[in-house]
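Trainee: Could we go through this one together? I'd like to know where the labels come from.

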Amino acid sequence: MAQTIPGGLGSQSITFTVTGNSAANLAAAFSDAVHSASVVTPLSSGSGESTVAGALNLIQSSSTTSFNLATGSQYTYAAVTSATQLTGSSVGGDTVLGGGFLGGSLSYTAVGGDNSITFDSGNNTYTGDSVGGDTISGGSGDDTINTGTGSNTIFAGAGSSQITMNDASGHDIAALIAGNSVVDAHGVNDIVFATAKQSASTTGTISGGTGLLTFVAGSSSNTLAVNIQGGAGVTHMFTSNGSNITFDNSTGTAVFVAGAGNETLNGAGAAGGFDFFGDATLADAETDHTSVTGGTGTDYFSTGVGDEMITAGSGGALIDINDFGTSTHVTIANLNAGDYVNFAGLTVPKEESLLKGTATVHAGGNLTVTLANGTTVEFLGVTTFTGHLI
């Protein structure tokens, strides 16, 4: 959405574009602050400049490149032509909107906590502190966001974002809702949310560390393509419609949990192994189409409802077939000698289901087993269960 600050630069109005609800709310607050401010304080003398709490503090294009926000709890608007440094107030509560509207770049360094920073155009930088509690919204440029050790919330902008999460307690949360982001999630408990509902795609690479990494994909109507590199800690991934996720790890443990809709989960590069759980919601059975690929580690697959394609990796696989009281269709590819398929998760007992079912080998050499309730399991390139069924 767009907001306009009347008289933002002398007699000119400034229109800026923001992404996401948090940034939109801040933009609206800025607009209200401009209209109602009894004091407008131009900041132009550089380091040591005092800001006025409750007023609009305005940084215009200037040859001075360093400003201290001295009081906190004030609105500061910055439109700059050159590289400009803002240092936050020690009491925190800074509310800053700015960026390279006029061709420059803005850098903000936090000192106190509970700040709200929104970047617009330009290549801008945020640096956190040990207090944390900040909300940072990226803009249309290439932003660098390096959080402090507290808990922060980051909204990536439409440009290319480099996000480093450094929380030592609590957690950092990053929302990728546009653009291309590189996220280094090496805090103790990081959460990354991604979706692509706008006209542009959302892409990125997320690297885990020694702590807990949780990735959540919202339902996406545009391209959502994310590469997740698991670290030494535990990685949890919750996907949804439109997700195209690539995962690799060499250590640590990982869990995939599929949601409703069409999803692709490629774990071919996962040497550390992972567990996969299909969508178990019966209402999703008609629309679920999930494809998951195993890696070089030992992987576990628990099927859900709908239509699932499981490609076993080279490291060994255990596949549990479930039906949750409805007929499903599962296709299994690349079944190796050391892989096992377990039918214990059927609502009809395994022995009865297999006894009353049928097994047919098609001309192409694929074995299809139709179970008693209509569930079908197709094994590509397999003609017998010898060594596989448990």
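**Strands, burial and confidence**

Mentor: Start with strand S28, residues 299–302, which is covered on both faces: Asp299 and Phe301 are buried on one side, Tyr300 and Ser302 on the other. Strands here are DSSP runs (E, at least two residues; helices are H or I, at least four), numbered from the N terminus. This is a predicted model, where local features need pLDDT of at least 70, side-chain atom pairs count only at pLDDT 80 or more, and totals for chains, interfaces and linings use all residues. Residues are numbered from 1 along each chain as its sequence is written, and side-chain values use heavy atoms, leaving out hydrogens and water.

Trainee: What makes S26 and S28 a pair?

Mentor: Two strands pair if DSSP finds at least two bridges between them. Strand S26 (residues 275–277) and S28 have three, in the parallel sense, so they pair. In S28, tyrosine 300 is the bridge partner of aspartate 275.

Trainee: And what joins S28 to S30?

Mentor: Four bridges, and those two strands run parallel.

Trainee: Why does glycine 113 count as buried?

Mentor: Buried means under 20% relative accessible area (exposed is over 50%, partly exposed in between; 1.4 Å probe, protein chains only). Glycine 113 has 10% relative accessibility, so it counts as buried. Glycine 113 sits in the loop between strands S9 (105–109) and S10 (116–119).

Trainee: How confident is the predictor overall?

Mentor: On pLDDT, its confidence in each residue from 0 to 100, the protein chain averages 83, and 80% of the residues score at least 70. Over residues 6–12, though, the pLDDT is below 50.

Notes: Contact means heavy atoms within 4.5 Å.
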